[in-house]
Amino acid sequence: MLSSLVKQHQTRQQARKELQEKRKRDAIVAATALSHVLVDHLNAGVAQAYVNQKKLDTETRILHTNAAQFSKQTLQWLKLIDDFNTALKEIGDVENWAKSIETDMRTISSALEYAYRKNE
């Protein structure tokens with residue numbers, strides 16, 4: 001009788017140990033699966049951030065190139081406008097010179113006419 005109780009106890013203990021081992025293996029499998037899912041989720045976010053960073057780098061390089069071209073073109077326009085202003089000033093100078101000559105010629109002409117009339 002005592003030996004049968006000991007055997008029963010050992011059998012139940014063995015069953016409990018097996019159940020505990022099975023639960024332990026199941027918990028390890030579940031924890032591993034959870035870890036993999038979490039790492040995959042984080043890796044997806046990191047991968048997306050990396051792709052976005054590459055796109056930003058590319059767009060930044062393009063923007064820098066376009067800004068440099070725009071700056072060069074703006075400098076060319078400024079030089080063109082400066083040359084145009086210089087040409088306009090020269091035209092104004094020539095016009096003033098021509099008016100000055102015309103005024104001098106009219107003065108000379110008037111003086112000559114006055115002298116001619118006086119001699120007549």
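Below is a short chat about a predicted model of one chain.

Biologist: How many helices and strands are in the chain?

Modeller: The chain has one helix and zero strands. Keep in mind that this is a predicted model.

Biologist: Which residues does helix 1 cover?

Modeller: Residues 2-119. Ile101 is found in it, and so is Ala47.

Biologist: What box do the C-alpha atoms fill?

Modeller: Roughly 175 × 15 × 10 Å, taken along the principal axes.

Biologist: And what is the radius of gyration of the chain?

Modeller: The chain has 51 Å. For a compact globule of 120 residues, the value would be near 14 Å.

Biologist: What share of the residues counts as buried?

Modeller: Of the 120 residues, 0%. Ala47 is an example to look at: its relative accessibility is 41%, so Ala47 counts as partly exposed.

Biologist: Switching to the nonpolar surface patch. Which residues make it?

Modeller: Val94, Trp97, Ile101, Met105, Ile108 and Leu112. The patch comes to about 640 Å².

Biologist: Take Ile101 from that list. Why does Ile101 count as partly exposed?

Modeller: Because its relative accessibility is 36%. The partly exposed class runs between the buried cut-off of 20% and the exposed cut-off of 50%.

Biologist: New topic, salt bridges. What does the count come to?

Modeller: Five salt bridges. I can walk you through some of them, including Lys79 with Asp83.

Biologist: Go on. What is the N to O distance for Lys79 and Asp83?

Modeller: 3.0 Å, between the side chains. Lys79 and Asp83 are four residues apart in helix 1, so about one helical turn separates them.

Biologist: Is Lys79 buried or exposed?

Modeller: Exposed, because its relative accessibility is 54%. Asp83 is at 39%, so that residue counts as partly exposed.

Biologist: Which residue forms a salt bridge with Lys99?

Modeller: Glu95. The closest N and O atoms of Lys99 and Glu95 are 3.6 Å apart.

Biologist: How are Lys99 and Glu95 placed in helix 1?

Modeller: Four residues apart, so about one helical turn separates Lys99 and Glu95.

Biologist: And what are the accessibility values for Lys99 and Glu95?

Modeller: Lys99 has a relative accessible area of 45%, so Lys99 is partly exposed. Glu95 has 43% relative accessibility and counts as partly exposed.

Biologist: One more. What salt bridge does Glu113 form?

Modeller: Glu113 forms one with Arg117, with the closest N and O atoms 3.4 Å apart. Both residues lie in helix 1. Their spacing is four residues, about one turn of the helix.

Biologist: Is Arg117 buried or exposed?

Modeller: Arg117 is exposed, because its relative accessible area is 62%. Glu113 has 42% and is partly exposed.

Key: Residues are numbered from 1 along each chain as its sequence is written. This is a predicted model: local features need pLDDT of at least 70, side-chain atom pairs count only at pLDDT 80 or more; totals for chains, interfaces and linings use all residues. Side-chain values use heavy atoms; hydrogens and water are left out. Patches are made of residues with over 30% relative accessible area and no salt bridge: like charges are joined within 9 Å, nonpolar side chains (Val, Leu, Ile, Met, Phe, Trp, Tyr) within 5 Å. Accessible areas come from the Shrake-Rupley method with a 1.4 Å probe; for residues, only the protein chains shown count as cover. A salt bridge is a side-chain nitrogen of Lys or Arg within 4 Å of a carboxyl oxygen of Asp or Glu. Helices (H or I, at least four residues) and strands (E, at least two) are DSSP runs, numbered from the N terminus. Buried means under 20% relative accessible area, exposed over 50%, partly exposed in between (1.4 Å probe, protein chains only). The radius of gyration is taken over C-alpha atoms; the globule rule is 2.2 Å times the number of residues to the power 0.38.
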